[in-house]
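The sequence and coordinates are shown first.

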Amino acid sequence: MSQTGTTQTAAPAAAAVSETPLLRIWREFAESKLALFGLGLFIVSLLAALLAPWIVPQNPYDLATLDIMDSRMPPGSLSGDNMVFLLGSDGQGRDMLSAMLYGLRISLFVGVVAVGLALAIGAVAGIAAAYIGGRTDTVIMRIVDIQLSFPAILVALILLAVLGNGVDKVIIALVTVQWAYFARTARGAALVERNKEYVEAARCLGLKRPRILLRHLLPNCMPSLIVIGTVDIARSITLEATLSFLGLGVPVTEPSLGMLIANGFDYLLSGVYWISMFPGIALTIVIVAINLVGDRLRDVLNPRLKR
Amino acid sequence: MLVFIIRRLLQSALVVAVMSVLVFVGIYLIGDPLAILASPEASEIDREEIARALGLDRPLWEQYMTFIGSAFVGEFGKSFVFGQPAMGLILERMPATLELAITATLMAFFIGVPLGVYAGLRHESAGAQAIMAGSILGFSLPNFWVGLMLIMIFAVQLGWMPASGRGPTTEVFGLQLSIFSAKGWHHILLPAITLALSKCALIIRLARATAREVMLMDYVKFARAKGLSERRVIGVHILKNIMVPVATVTGLELGALIAFAVITETIFSWPGMGKLLIDSITQLDRPVIVAYLIVVVFMLVAINLVVDILYSVLDPRVRLGGAQ
């Protein structure tokens with residue numbers, strides 16, 4: 001019987017006497033108003049990004065609907081065909097609000113996918129290093145150490161210079177620079193877990209090593225991984241925006257929030273502030289929201305602070 | 001002790017060697033410099049001529065060996081674009097980057113430590129809460145966007161500060177620096193604030209966490225029991241013990257700051273080596289990219305090495321752990 005299996009079957013019975021772990025985490029999480037506010041903000045941005053095609057006034061990728069006469073209109077002005085540019089328009093006459101929601105889609109997509117992949121790779125590498133030990137451990141951790149001693153932005157920059165532009169390439173670069181955080185954390189957690197009795201029991205049952213690693217150790221290392229994973233989504237989104245700002249991230253045809261800010265940079269000195277300012281505010285709101293949630297999760301899931 | 005230092009030196013040398021291969025092979029794969037260097041009308045013969053002059057016609061491993069051979073005597077090839085030695089170009093721009101990074105570090109340190117210690121000692125107060133909220137914001141604000149907004153407010157709207165460039169420099173010990181003139185400060189202030197912001201947030205959090213730990217230590221209680229003034233307890237006993245971790249992290253972050261200066265320099269057109277890197281990437285100027293990376297890898301490895309050695313001098317447990 002695997003560890004996850006036992007918790008699942010045992011959960012309904014336990015709920016009758018006390019609350020489930022998930023409920024307890026939620027209750028403690030909800031004690032912080034600030035964290036709830038962050039979560040709400042994040043859900044709103046997520047929904048806005050997912051539903052963008054249905055709520056924006058204009059499809060920013062459809063060149064046919066753009067009119068160059070409408071370019072650089074200040075917020076609140078009317079377009080040629082009587083649409084209101086709530087947040088102004090950009091250099092190509094695109095509605096900023098529409099472009100931002102579409103940009104948010106790309107930013108969030110890149111951030112979430114990159115962190116998901118980095119977490120998967122890092123968790124497996126870290127847990128394997130801790131469980132197998134010996135030379136495997138040394139080799140994996142030496143790579144992690146060396147990688148973490150170089151600033152992520154520099155590694156990503158060079159990788160993208162080699163790979164070229166593209167959403168997939170940005171994701172590859174982000175995974176390459178981030179997996180090491182997860183590997184280190186997973187190893188730390190697994191080193192503690194591997195000496196516990198359930199692992200010994202699994203070993204005595206004669207279970208295969210991959211099964212012990214993935215079904216027994218991994219679920220128990222998840223809390224710490226989730227904590228860094230959350231904060232790391234914010235980090236990924238910032239990194240992607242920064243790379244796109246430098247012209248080394250997403251392609252021009254799929255502008256993320258960072259790219260939109262970069263586009264506005266060209267007009268900034270002539271006083272056209274809205275093209276850079278609004279995407280930046282959107283980016284900040286998303287990142288603050290994620291960091292608030294991550295901060296609270298760290299407190300709730302940290303076993304050392306358990307009351 | 002000596003064995004430990006030698007071992008660390010060898011490890012560092014290995015890292016530099018591995019990085020040089022990775023960097024060289026990676027950079028070799030970037031685009032085709034001939035497409036940019038040769039004019040579109042150039043004939044096939046002209047192109048071959050240029051390729052031969054730059055050594056681009058030979059196989060990869062031969063190019064690497066030539067590169068390593070000349071790298072050992074400090075020769076990193078000539079920039080395709082400027083026609084000058086690449087290393088010279090980097091070193092020429094290094095003082096500007098270092099000046100910016102060090103100014104930013106000092107700013108972050110001298111603003112971050114007092115705020116962090118205050119937030120730690122009075123962690124229930126409204127001021128502390130405000131500082132911590134501010135530090136979350138400092139963390140979260142996208143750095144490059146902060147730079148743009150500073151330009152927008154202080155350079156475009158208010159016109160107080162210049163939006164770009166380094167301004168006049170003064171020669172100090174053979175280095176061109178801007179922090180010794182009022183005009184120079186005018187130019188360095190905005191980029192330095194941009195660069196310092198997220199580090200400041202980090203230092204605030206670290207100083208706060210350490211202050212809260214140190215505050216509960218017996219020697220602090222004893223100092224209070226002895227009847228020392230609060231100023232002396234905080235200024236001497238608490239502050240002194242906070243300095244070790246905070247100074248270590250600040251030092252280690254200097255490397256990251258130098259790397260991050262790439263972005264700040266691009267925004268503010270600061271003539272440092274980071275801006276040179278971005279320009280070289282867009283122009284496929286391989287020798288300059290390679291020279292930049294070698295310099296930065298060297299600096300990072302050196303910073304880590306110094307911190308490691310200092311640590312093992314201060315804390316014998318680290319030394320024993322490393323010798324196992």
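## Confidence and conventions

Chain A has an average pLDDT of 81, and 85% of its residues score at least 70; pLDDT is the predictor's confidence in each residue, from 0 to 100. Over residues 1-16 of chain A, pLDDT remains under 50, and the model has 13 contacts beyond four places in sequence for this stretch. Two residues are in contact if their C-beta atoms, placed from the backbone, lie within 7 Å.

This is a predicted model, in which local features need pLDDT of at least 70 and side-chain atom pairs count only at pLDDT 80 or more, while totals for chains, interfaces and linings use all residues. Residues are numbered from 1 along each chain as its sequence is written, and chains are lettered from A and ligands numbered from 1 in the order in which they are written.

## Nonpolar core

The largest nonpolar core contains 166 residues, and Met100(A), Phe182(A), Ile203(B) and Tyr292(B) are among those with the most contacts inside it. Helix α5 (residues 96-132) of chain A contributes the largest share of this core, 21 residues. A nonpolar core is a set of buried Ala, Val, Leu, Ile, Met, Phe, Trp, Tyr and Cys residues joined through C-beta atoms within 7 Å. A residue is buried if 20 or more other C-beta atoms lie within 10 Å of its own, exposed if 12 or fewer, and partly exposed in between. Helices are DSSP runs (H or I, at least four residues), numbered from the N terminus.

Leaving aside residues up to four places away in sequence, Met100(A) touches Leu257(A), Leu260(A), Phe278(A), Pro279(A) and Ala282(A).

## Ala183(A) in helix α8

Ala183(A) belongs to helix α8 (residues 167-193) of chain A and is buried, with 28 other C-beta atoms within 10 Å.

Among the buried residues are Met273(B), Lys275(B) and Ile281(B). Just after α11(B), Leu284(B) adopts a positive phi of about 55°.

Ser269(B), in the loop between α10 (230-268) and α11 (273-282) of chain B, has a positive phi of about 45° although it is not a glycine. Most residues other than glycine have a negative phi. Ser269(B) is partly exposed, with 14 other C-beta atoms within 10 Å.

How values were computed
Helix = DSSP H or I, 4+ residues; strand = E, 2+ residues; numbered from the N terminus.
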